[in-house]
Amino acid sequence: MKYSFLLLFTLCAHLSFAQNFTGNILDIQNNPIENVTIYNLNTGKHTHTNGKGNFILPNAHLNDSVEISRLGFQTQKLVLSGEMLSQSQILTIVEASTSLDQIVLTSKVNTLSSITAVDLQLNPVKSSQEILRKVPGLFIGQHAGGGKAEQIFLRGFDVDHGTDVAISVEGMPVNMVSHAHGQGYADLHFVIPETIQNIDFGKGTYYADKGNFNTAGYVDLRLKDQLNTSSISLEAGQFNTSRLTGMFNLIDENEHSAYVASEIYLTDGPFDAPQNFNRFNVMGRYGYTNANNDKLTLTASHFQSKWDASGQIPQRAVDQGLIGRFGAIDATEGGQTSRSNLSLNHLKNLEHDAVLKTNAYVSNYDFELFSNFTFFLEDPVNGDQIKQHEDRFIAGLQSVYEQRELRVSTATTLDYQAGIGFRYDNVDDVELARTLTRQITLGRLAYGDIDEFNAFAFLNTEFKTGKFTFNPAVRLDYFKFDYYNKLTETYDAQSESKVAFSPKFNTVFSVNRNWQLSLKTGIGFHSNDARVVIANSGEDILPAAYSADLGTIVKPTEKLALNATLWTLFLDQEFVYVGDAGIVEPSGKTRRMGVELGARYQVLDWLYFYADGNYTYARSTEAPDGADYIPLAPKFTSAGGFSVENLKGFSGSLGYRWLGDRAANEDDSITAEGYFVTDFNVNYNWNKWTLGVIVENLFDTQWNETQFATESRLFNEPAAVEEIHFTPGTPFYVRGKITYRF
């Protein structure tokens with residue numbers, strides 16, 4: 001009896017001390033689920049599952065309440081028993097409709113991306129133009145017939161086509177270095193919207209695994225590993241628009257999966273001169289998972305597009321009745337482009353819950369664009385049309401070793417990722433030429449070959465102690481630029497190189513599971529065009545961006561999430577290669593500061609509201625007061641709306657986007673007018689069929705999608721005039737859609 005009592009006492013004492021709660025989380029098909037949050041409601045300790053679905057929750061006690069949650073799955077709550085603490089558990093979670101209450105505010109540096117993932121699930125992307133708009137505070141504008149990469153605006157930046165936002169798809173970079181049209185040119189039209197699973201994003205310079213162009217932020221698209229069903233979709237509407245999409249499951253087995261997706265899109269657009277736009281996309285994706293849960297994913301895709309464009313038109317031509325809002329001064333603008341990609345992603349599970357992730361890719365890219373911004377300013381006889389052209393090959397590789405939950409002390413754990421990689425661009429026949437009606441080349445302004453190499457390494461660490469997470473990180477980049485000028489009579493090849501050192505330090509304080517505070521600091525950069533590097537003798541190759549964020553995310557209730565951020569960013573001196581003119585221009589140092597607010601509210605299981613608002617103060621630091629405005633920098637922006645999901649077979653959304661007036665030139669004497677546009681869509685599901693209606697610009701608002709303060713001269717005008725030149729925004733535009741699933 002004495003020994004029995006002693007044994008029972010020892011067992012109870014053992015269970016009263018903190019232990020690790022360990023286990024493996026699977027779906028109902030027995031597939032491991034990654035990034036499931038396991039949260040101890042008593043202590044505030046939390047962890048996440050790895051690629052094998054394994055987790056270790058430290059410092060757990062008998063009778064602690066634990067919550068298990070992941071977006072798209074039913075939340076579970078457990079009370080820890082002695083048996084649960086004494087041996088590893090196998091737990092199963094069940095898929096459920098996406099809901100805001102499935103989000104737990106843990107110590108992640110990039111929690112906002114998880115919050116807004118609900119937006120995408122409840123209101124999926126319906127066109128390639130919508131992809132980037134899913135990022136709160138990011139606005140886009142199209143001004144070349146639908147085939148050119150969109151102009152991007154974020155955090156007080158007129159990013160042009162990607163200079164200050166790093167964009168990637170499954171780790172493969174989209175931004176083009178030293179591009180014929182502009183630095184960082186990011187054309188996402190090779191992505192089929194229906195294949196997108198998630199949009200990961202972050203604002204600022206705080207992410208060690210993001211390098212070139214990550215100053216205002218980054219966007220990384222994640223594609224579906226497999227399809228729930230095969231489908232065929234047909235869309236048709238105004239302006240001779242039609243789109244045919246096919247999504248076909250080829251293999252759906254435990255270890256193997258494969259599908260193919262394709263689209264063809266045709267439209268003339270609302271313009272007086274038809275766009276004759278066509279785009280073709282095809283993508284195949286194969287996945288293999290072995291018994292160790294190692295994953296291999298192979299993705300191949302091809303995209304090509306052709307279009308005509310009306311270009312940017314001067315306001316005076318419309319005011320004088322020379323052309324209508326949808327008219328053209330030079331109707332022979334347009335272009336063609338193509339991109340073929342092959343990428344491989346491999347995840348290897350190692351001992352001690354370590355993971356090795358490798359991404360490799362190759363791309364072949366062609367681009368040709370005809371534009372006319374100044375009409376008859378430079379050449380009063382033939383006009384000022386230009387051609388920009390290039391042929392490009394890209395290859396790259398990145399490997400990341402990841403280790404989670406390393407015990408530093410009884411109260412502190414360490415997660416870290418260490419990565420190395422490279423990117424190589426071989427760009428042939430980069431050309432800027434004067435042309436006439438696309439048919440005649442009048443002379444070349446620039447012509448040459450570019451080779452650009454970027455090698456990098458980074459270390460990202462996260463120390464978790466109590467309610468704090470400290471995230472020191474560092475990144476090292478090496479660049480080598482080579483340019484061969486083909487316009488000189490003698491051989492002219494020049495080379496420069498540079499190293500960038502980018503430290504970051506972020507702190508997250510989790511007050512509780514529904515309230516997070518963060519302070520982020522970091523240095524980022526974007527590279528300059530190789531032609532700038534050579535012309536400027538290697539100076540200002542990698543201008544740095546210094547930024548800081550003070551933010552909070554809070555869930556007052558399980559169904560309501562609010563976020564607020566104060567931020568500032570200082571950008572170093574840089575020289576910019578103006579691809580439209582073949583010249584180098586200094587832009588000077590700039591500073592930006594702003595505030596961002598956001599709200600998401602799951603009113604009912606089927607009704608979801610969202611809204612974001614942003615204010616930015618952006619100025620040049622080297623110009624006198626009154627002449628220090630940054631042209632086209634957004635000042636006030638907002639986007640929001642509501643979505644309905646599965647209401648007696650109906651789903652849909654009503655959304656708005658508002659961009660306020662902003663300065664179009666340095667002294668704000670010319671204003672780019674803002675706009676408020678509302679879009680609407682509704683769908684009805686019946687058995688295997690879905691019928692839908694998509695309406696852009698529901699209230700037929702007259703708005704300008706892109707605007708520039710440009711000096712131009714019309715034919716027979718005696719002198720040049722500087723004023724707003726714009727591309728008109730889409731008028732009321734309705735399309736019908738029918739989808740069959742099988």
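**Aromatic pairs and their setting**

Mentor: Among contacts (heavy atoms within 4.5 Å) in the protein chain between residues at least 6 apart in sequence, 63% join residues at least 24 apart. The model is predicted: local features need pLDDT of at least 70, side-chain atom pairs count only at pLDDT 80 or more, and totals for chains, interfaces and linings use all residues. Residues are numbered from 1 along each chain as its sequence is written, and side-chain values use heavy atoms, leaving out hydrogens and water.

The protein chain has a mean pLDDT (the predictor's confidence in each residue, from 0 to 100) of 90, and 96% of its residues reach 70 or more. Residues 1-16 have pLDDT below 50, and this stretch has 4 contacts in the model beyond near neighbours in sequence. Where pLDDT is low, the predicted coordinates should not be read in detail.

As to overall form, the protein chain holds 5 helices and 43 strands; these are DSSP runs numbered from the N terminus, helices being H or I of at least four residues and strands E of at least two. The C-alpha atoms fill a box of roughly 110 × 60 × 50 Å along the principal axes. The radius of gyration is 27 Å, in agreement with the value near 27 Å for a compact globule of 742 residues; the radius is taken over C-alpha atoms, and the globule rule is 2.2 Å times the number of residues to the power 0.38. Of the 742 residues, 55% are buried, where buried means under 20% relative accessible area, exposed over 50% and partly exposed in between (1.4 Å probe, protein chains only).

Turning to the rings, those of Phe, Tyr and Trp (its six-membered ring) pair if their centres lie within 6.5 Å; planes under 30 degrees apart count as stacked, over 60 as edge-to-face and the rest as tilted. By this rule there are 27 aromatic pairs. In one of them, Tyr207 and Tyr218 have ring centres 5.0 Å apart and planes at 75 degrees, so the pair is edge-to-face. Tyr207 lies in the loop between strand E13 (196-203) and strand E14 (217-223), and Tyr218 in strand E14, so the pair ties together parts 11 residues apart in sequence. Both Tyr207 and Tyr218 are buried.

Phe650 and Tyr684 give another pair, which is tilted, with 4.8 Å from centre to centre and 50 degrees between the planes. It links distant parts of the chain, since Phe650 is in strand E36 (residues 650-659) and Tyr684 in strand E39 (residues 675-686), 34 residues apart. Phe650 counts as partly exposed because its relative accessibility is 42%, and Tyr684, at 31%, is partly exposed as well. Elsewhere, ring pairs link Phe248, Trp689, Tyr740 and Phe742 into a cluster.
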